Amino acid sequence: MCAMLLPEPKKAVFGEGTTGRFVGLNLITAKIASPSFDAKEIAEMKLWNYQDLAVRVDEADSLHIDIKLSDALPAADGQIDLPELFEKQGFSLRVGSSGVEIAFAHRDGYVNALSTLKQLLVKHDEGGYTLQVADILDWPSIEKRSVSNTFAWYAGYGRIGFDMQLWGYDEWIEYLNICSDLKINQFNMCMYGYWPFQFDEYPETMLQGYKMKVWNEESRNWIEIAYTHPNISDEFLSRLFAYGHKLGIDFFAYIGLNSYNGGYPSIYKDKRMVLPKDGKFVNDFDTLCLSRPENIAYLKAAVRRVVQLGFDGIDFEESEESYWFCNCDACAETFMKNRTAAEAKHKANFWLLNTLYTEIKDENPDCVVGVRAWREPPLEKDLAYLEDCKRSIPEDVVLFWAPGLYVSDDEFPKWVDVFGKERIWARDTEANAVASTMGRLMRIFKTNVIRADEETNHQYIEKDIDMHIDSVKHGVKGINGYMFEWYGYFLNLYSHAYYGWGSTKDHETFYRYSVEAVFGAELANDILYVLRRMLTIHESQFNIFPTEFPFLRNKVKAEDIPVIQEAIKEWPELGARIRRIKEAIRGDERLKVYVKHFDKIENSHERNRVIYDLALASISYDLAVTPEDKRTFLREMDRLNELDFDLVKRMYFDVNPVDETGMPSCMYPYHELKRVIHNELDPDNRNDRQIFLGVEAFGWLWL
Ligand SMILES: [Zn+2]
């Protein structure tokens, strides 16, 4: 039998037998010359979900399996293609019938070896465990395997918070442990909007005491509360860093480069960039006018504070718009003169980047600076342009974005050539970020989307995987996988971890392999059946819905009726399987951490049934001829919209529009759909204030 390891080792030979039964580990440390870490502490941390396994050091007994540790790796005798990464993070792990030998050169190799060792554990009928006999030699293909998480994404800006943004210390640790077990070694913590940390210089920009209305199911009404980010009410970021650093995980702050600034420009609207007068633009990405000294002072202070928190690096995101630049007189003089809007934006941003770079390095010379930039159309850039980009930033600034989508295969190698492999840390692997804009509906595969081929957005898990494979092929420094939403999206994490390490199965084989590796063969069937077959229609996909949603442009129409009816027929079977999965994992010591994922998948599934009827009512409304028929279908849509939102508000925390930035926006289409339906039903009491579909959609509205 071969153990299913995730990610897969470069070299592995599995034997037939197992070790004897044991109830704990005995670490033998004689062959570690000068330990730079606490082997016992790390082993105990890695056994976070095996609390029944005790760890002791140099204390042999028959029920504690001997783990001989050695800080000398076996010689790289030509079977190792990347000796440098083998040295930094690689390991050898030999499980024989009487004991285990682990060799590594550094702590990271030891951590990685333990992540693999855990996956060889087999529960014994008489209590305790055995290990499958195996001989493994392993190293990564990519050094920096990061995931981008939301720590306060758009919080207090376009919305308050969802999913991991609502976590405290314990939830972050659980997620970090899962990531570490998959050999992820960097967290990029996205912070947009109000700051989720103590910031005494500008306390008004902290995410605390924020008034919002939450649904109270007990009394079935809305109750106003004052929300404070968990890291402000009980500071835990420093403890999270300390914990993660012990496991070799670095932390980067992922923030806007004068965009998505949220809090400050929302409070001081007169300090924002000045929009052009032609009126096409609904939002300015909350950017600040860079000709005002007080804005520069704020941006400098904010970035200094971020460095002081102990981040290992900062990743700046430049917004993608390139159609206008600040129209104030001073910016016109300094930045716009004889330039296009895109050129002016870059000139201003890279002046700002260089300014902030000095602040960062002054505070901590070791803090890595990265940038996501040059993402505006045209996506294919000429060499001279890229060379110019390279000259505009400090030499050690790394790239957290490089192309991969909507461009030819020649584009990425061009970037690798110009900037060098060492500076490429990430690409366009944002499938999960796009999914997180869907109002808590599930969207992993192309098969989840109606007429997916006709859509302009192609960001699905398949594309992320293609880019990871290509990054490994080019031997770049890092990959980054978006994890803006965790619950329901474990498969995205597996894909980042598996392909980032350099594992090679094709897409289809990988889906099955990874889900089976975690959940076992039987559950894997049900899980993939559900995730692949769930047909998701976003509530913006009705003709009556006026607001552009760039991630899903198709509107349902008569030709979609057979697909919707098929989904209705299939719906009970999906529900039965979801309930079966939930039942099985709830009682499983290791899998119970996934219960919340299936709570969410079930909620999304329940909503789907209502939304299918809503879609059919919408098509009937479009086709209806008489005003009476039109009204009948409008009333039906109104009723179903409320039913859909009932399921939303019972499950989720942040469900109402936020208009802090000046434009009302909400990721749930419910509010806007309700507005337009009511306008049709009751034209005498029209409400003409449009509610946009999340701040992330603003940037594309004029494309
Ligand atoms: Zn200006």
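Where is Pro 7 found? Pro 7 sits in the segment before strand 1 (11–18); strands here are DSSP runs of E of at least two residues, helices are runs of H or I of at least four, and both are numbered from the N terminus. What you see is a predicted model, in which local features need pLDDT of at least 70, side-chain atom pairs count only at pLDDT 80 or more, and totals for chains, interfaces and linings use all residues. Residues are numbered from 1 along each chain as its sequence is written.

**View 1. Two cis peptide bonds.** Leu 6 and Pro 7 are joined by a cis peptide bond, with omega at about -5°. Pro 377 to Pro 378 is another cis link, with omega near -5°. Look for Pro 378 in the loop between strand 15 (368–372) and helix 11.

**View 2. Arg 220 and its positive phi.** Most residues other than glycine have a negative phi, and most peptide bonds are trans. Arg 220, which isn't a glycine, has a positive phi near 50°. You'll find Arg 220 in the loop between strand 11 (210–216) and strand 12 (221–227).

**View 3. Helix 14 against helix 15.** Helix 14 (residues 461–474) packs on helix 15 (residues 490–501) at an angle of about 15°, with axes 9 Å apart. The axes are lines fitted to C-alpha atoms over the stretch in contact, and angles run from 0 to 180 degrees between N-to-C directions. That makes the two helices roughly parallel (angles under 35 degrees count as roughly parallel, over 145 as roughly antiparallel, 65 to 115 as roughly perpendicular, and the rest as oblique). Helix 14 passes helix 15 in a right-handed crossing, meaning the near helix is turned clockwise from the far one by less than a right angle. Among the residues making the contact are Ile 461 and His 468 of helix 14, and Leu 491 and Tyr 499 of helix 15; contact means C-beta atoms, placed from the backbone, within 7 Å. By class, there are six nonpolar, five polar and one charged (Ala, Val, Leu, Ile, Met, Phe, Trp, Tyr, Cys and Pro count as nonpolar, Asp, Glu, Lys and Arg as charged, and the others, Gly among them, as polar).

**View 4. Helix 11 across helix 12.** The axes of helix 11 (residues 383–392) and helix 12 (residues 411–419) come within 10 Å and cross at roughly 40°, so this pair is oblique. Their crossing is right-handed. Leu 383, Leu 386, Glu 387 and Lys 390 of helix 11 meet Lys 414, Trp 415, Val 418 and Phe 419 of helix 12. That contact has five nonpolar, no polar and three charged residues.

Note on methods
Two residues are in contact if their C-beta atoms, placed from the backbone, lie within 7 Å.
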